[in-house]
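Subject: A structure for you to explore

Hi there,

Here is the structure I promised to pass on to you. Have a look around it first, and then read on.

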Amino acid sequence: MVITLSTIAPITRTYLSHANNSPPSYTSSSCTYNLTLPPSVTANKTVLASSSHTRRPGSAAVSSSTGTAESSIGIGEETGSLLERVEVFDLNGNSILISDLWKDRKAVVAFARHFGCVLCRRRADMLAAKKDTMDASGVALVLIGPGSVDQARTFSEQSGFKGEVYADPSYASYKALSFVSGVSTTFTPGAALKIIEAYMEGYRQDWKLSFEKDTRTKGGWQQGGIIVAGPGISNISYIHKDKEAGDDPNIEEILKACCS
């Protein structure tokens, strides 16, 4: 099965009605990627148990689907130190230290690829669907995206996301957490399947947001992840680093880390 993905121009979708059971395709006048999909795409989970009450950086439970080498060691002291200096911005443009988001409370913090990403909108809904459970446990739901405050505001309005939304224009939090980035992590067989699934479920990429300067100048190749943090600045009790676009963790792992 072959899938063609566009990197520059908006995609033309043909998967909803293709003749003779031909494979779905995505085309672009600017650039084309062909991906051959295996019969099935599987993901191995790695979870390292640790106490959620431990305040030392480096003792985080880890989930990373098929995983990356770095994610298997959790949060190090250097990462914790970097996070304490990272600033993000709320929808009114006010700056706040990212660690203040979980200093006095527990929070599930999702890091989007960018504010126009179709897969991030799907993930936001996955998390928001469990917000009642989080609320009952006193856990905040937060989404951070790399980009401007205006982009964050547009995302919030379009998605109706039930949690808090913040912008990280400098990508500083992504660098501190060593989230992966690159073309090879964006266009993969697994990501292609997730994009098809998301479009068939009614989700759409916001191409205007995707190609604004704040995203375009970075290439749009940034991957994100999810952490469970707090209370306490250095208390990171769970981390999931996306190996590729759409690399969602099991929602039950997140709920176990934040609400059990």
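Below is what was found in it, going from the whole chain down to single residues.

Please keep in mind that this is a predicted model.

**The chain as a whole**

The chain has ten helices and twelve strands. It is 260 residues long, and 52% of them count as buried. If you take the contacts between residues with a separation of 6 or more, 70% of them involve residues 24 or more positions apart.

**Strand β8**

Which strands does β8 pair with? One partner is β9 (residues 139-145), which runs parallel to β8 and is joined to it by six bridges. Within that pairing, V108 has L141 as its bridge partner. The other is β11 (residues 225-229), which runs antiparallel to β8 and is joined to it by five bridges. There, F111 stands opposite G225.

**A cluster of rings**

The structure has six aromatic pairs. One of them joins F111 and Y174 in an edge-to-face arrangement, with 5.6 Å from centre to centre and 85° between the planes. This pair links distant parts of the chain: F111 belongs to strand β8 and Y174 to helix α5 (residues 172-176), and they are 63 residues apart.

Are these two residues buried or exposed? The cut-off for buried is under 20% relative accessible area. F111 has 3% relative accessibility, so it counts as buried. Y174 has 1%, so it counts as buried too.

Y174 also pairs with Y171, and this pair is tilted, with 6.1 Å from centre to centre and 50° between the planes. Taken together, ring pairs link F111, Y171, Y174 and F179 into a cluster.

**Some backbone details**

As a general rule, most residues other than glycine have a negative phi, and most peptide bonds are trans. Here are some places to check against that rule.

- Y171, from the ring cluster, has a positive phi, near 60°. You will find Y171 in the loop between β10 (164-167) and α5. Its relative accessibility is 5%, so Y171 counts as buried.
- S178 has a positive phi as well, near 55°. S178 lies in the loop between α5 and α6 (183-186). With a relative accessible area of 26%, S178 is partly exposed.
- The peptide bond from G230 to P231 is cis, with omega near -10°. P231 sits in the loop between β11 and β12 (236-241).

**The cavities**

How many cavities of 30 Å³ or more does the structure hold? There are two. The largest cavity contains about 90 Å³ of space.

Its lining is made up of A110, F111, A112, R113, C117, L119, C120, R123, L143, D242, G246 and D248. Helix α2 provides the largest share, with three residues. Sorted by class, the lining has seven nonpolar, one polar and four charged residues.

Which residues does R122 contact, leaving aside its neighbours within four places in sequence? They are K194, E197, A198, E201 and Y203.

Enjoy exploring, and write back with any questions!

Best wishes

Definitions and conventions: Residues are numbered from 1 along each chain as its sequence is written. This is a predicted model: local features need pLDDT of at least 70, side-chain atom pairs count only at pLDDT 80 or more; totals for chains, interfaces and linings use all residues. Side-chain values use heavy atoms; hydrogens and water are left out. On a 1 Å grid over the protein atoms alone, a cavity is a set of points where a 1.4 Å probe fits but cannot get out, and a pocket is an open set with protein on both sides within 12 Å along at least five of seven lines; lining residues have an atom within 4 Å of a point. Grid points are joined across faces, edges and corners, and a volume is the space filled by probe spheres set on the points. Helices (H or I, at least four residues) and strands (E, at least two) are DSSP runs, numbered from the N terminus. Ala, Val, Leu, Ile, Met, Phe, Trp, Tyr, Cys and Pro count as nonpolar, Asp, Glu, Lys and Arg as charged, and the others, Gly among them, as polar. Contact means heavy atoms within 4.5 Å. Two strands pair if DSSP finds at least two bridges between them. Rings of Phe, Tyr and Trp (its six-membered ring) pair if their centres lie within 6.5 Å; planes under 30 degrees apart count as stacked, over 60 as edge-to-face and the rest as tilted. Buried means under 20% relative accessible area, exposed over 50%, partly exposed in between (1.4 Å probe, protein chains only).
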